[in-house]
Amino acid sequence: MIIRALVILGFVTFPVGANDIQPAAMERPVPGRDGLVDLVCPLPGSSDRFVSQAFVVEFPQAQNFEVLVATRHGAGGLQALDNAACWIRGPSGETYSISDSRYSRSNATDDHDWQVIRTEQAFEPEVERLTLARVQVPLVDLPDIALVRQSRIPTACHVLAQTEIFHNDGSLFAHDCRTRPGLSGSPIMIAHDGANVVVGFHLGRVTQYSAGTSQQYGLARLIDAEIEQAIMDLASQAN
């Protein structure tokens, strides 16, 4: 079986043998943890704020801005991000303004629950920038995955067979990673060629009912060409 992946860094398409894809490493420090930041947005009609995760995208050259991937509902609902009202909170608590964002123009359903954000300046101190990979493979054949979060060492988790219920939309997959509220946007990683790469991100949890029983599992979104194009658009318009 051949897996094909497109890595955002350098935008190079390359073939990857199945044996080259390994479970994401779980050592300390956790790879990717330092690439996580918070997206903070006011809740509509409330003084409360909605906090979700976003992760920083790697580029070949240094930039005077950052590009992040997050969920669309991280804006406080499935509406357009209010660039002026929301902000990014860095790993050390510092805040950064948002200059622009992109999101799916399609209906606000799970498969369109993503947004790409550009900040007004680069982060200081620097954060870890994560390499993205676009994979085309029967997802249930992937090895162990890892959902990276700021607060604890992740344990190995898996793509679930329930992914098959999303066969009409290849951008979604089910997983059994441990999650909690507030982890929307957390990157999901595998290891490729000795490095951990982001293949998707957590959206939330789904409850499936069948024959009087229920089962709950995580729902995630793959990195795909639509997200890749949004990253390219934001980066090119800033230069």
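The legends below describe close-up views of a predicted model of one protein.

Residues are numbered from 1 along each chain as its sequence is written. In this predicted model, local features need pLDDT of at least 70 and side-chain atom pairs count only at pLDDT 80 or more, totals for chains, interfaces and linings use all residues, and side-chain values use heavy atoms, with hydrogens and water left out.

View 1. Helices (H or I, at least four residues) and strands (E, at least two) are DSSP runs, numbered from the N terminus. The protein has 239 residues, and 51% of them count as buried; buried means under 20% relative accessible area, exposed over 50%, and partly exposed in between, with a 1.4 Å probe and protein chains only. Of the contacts (heavy atoms within 4.5 Å) between residues at least 6 apart in sequence, 64% join residues at least 24 apart.

**View 2. Six strands form a closed barrel.** The strand order is β4-β5-β6-β9-β8-β7, and the pairing is antiparallel. From one strand to the next, the twist averages 40°. Axes are lines fitted to C-alpha atoms, for helices over the stretch in contact, and angles run from 0 to 180 degrees between N-to-C directions. Two strands pair if DSSP finds at least two bridges between them.

**View 3. Strands β4 and β5 form a hairpin.** Six residues lie between the two strands, and Gly45 in the turn has a positive phi of about 70°. Seven bridges join β4 to β5 (residues 49-56) in antiparallel fashion. Val37 has Ala54 in β5 as its bridge partner.

**View 4. Strand β6 is joined to β5 and to β9.** Three bridges connect β5 and β6, which run antiparallel, and Phe55 stands opposite Val69 in β6. Four bridges link β6 (residues 67-70) to β9 (residues 115-119), also antiparallel. Leu68 stands opposite Ile117 in β9. Helix α1 (residues 225-238) packs on the sheet, where the helix touches β6, β8 (95-103) and β9. The direction of α1 makes about 20° with that of β9.

**View 5. Cys41 and Cys86 are joined by a disulfide.** A disulfide is a pair of cysteine sulfur atoms within 2.5 Å, and here the S to S distance is 2.1 Å. The torsion about the S-S bond of Cys41 and Cys86 is about 125°, so this disulfide is right-handed. Cys41 belongs to strand β4 (residues 36-42) and Cys86 to the loop between β6 and β7 (87-89); the pair links distant parts of the chain, 45 residues apart. Both Cys41 and Cys86 are buried.

**View 6. A disulfide joins Cys157 to Cys177.** The S to S distance is 2.0 Å, and with 70° about the S-S bond the link of Cys157 and Cys177 is right-handed. Cys157 lies in the loop between β11 (146-147) and β12 (172-175) and Cys177 in the loop between β12 and β13 (187-192), so the pair ties together parts 20 residues apart in sequence. Cys157 is buried, as is Cys177. The count comes to two disulfides; with the bonded cysteines numbered in sequence order, the pairing is 1-2, 3-4.
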